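Have your viewer open as you read.

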Amino acid sequence: MQHVLPKGFRRARDYGFLHGNAKALLKIVQWVLRVHLPEKLEHAKTSFQCPCCGSRMFVAGIKPVQPKPG
């Protein structure tokens, strides 16, 4: 129970530049403090190769597994 706040207390991250909607204010604070965070890199989508011809394939859909009767 050490992570539960006593009644009447509020979490600090709900206020100020730590609030979820304060992204613009957080950018200003980072700029003032000269904090340079690395940009998030986009992960390349996984591509599959055809075992016969070697051309690129893509997933068109996923077929759900049918339960076996019985």
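## The loop, the helix and the pocket

Val35 sits in the loop that runs between helix H1 (23-32) and strand S1 (48-49); helices (H or I, at least four residues) and strands (E, at least two) are DSSP runs, numbered from the N terminus. This is a predicted model, where local features need pLDDT of at least 70, side-chain atom pairs count only at pLDDT 80 or more, and totals for chains, interfaces and linings use all residues. Residues are numbered from 1 along each chain as its sequence is written, and side-chain values use heavy atoms, with hydrogens and water left out.

Arg34 also belongs to the loop between H1 and S1. Although Arg34 is not a glycine, its phi is positive, at about 55°.

How open are these places? The table gives relative accessible areas (buried is under 20%, exposed over 50%, partly exposed in between; 1.4 Å probe, protein chains only).

| Residue | Relative accessible area | Class |
|---|---|---|
| Arg34 | 70% | exposed |
| Val35 | 38% | partly exposed |
| Phe48 | 41% | partly exposed |

H1 lies largely in the open, because one of its ten residues is buried. Phe48, for its part, is placed in strand S1. From Phe48 to Leu25 there are 23 residues in sequence and 42 Å in space, C-alpha to C-alpha.

Now to the pocket. On a 1 Å grid over the protein atoms alone, a pocket is an open set of points where a 1.4 Å probe fits, with protein on both sides within 12 Å along at least five of seven lines; lining residues have an atom within 4 Å of a point. The largest pocket has a volume of about 290 Å³, which is the space filled by probe spheres set on the points, joined across faces, edges and corners. Its lining includes Lys23, Gln30, Val35 and Glu39.
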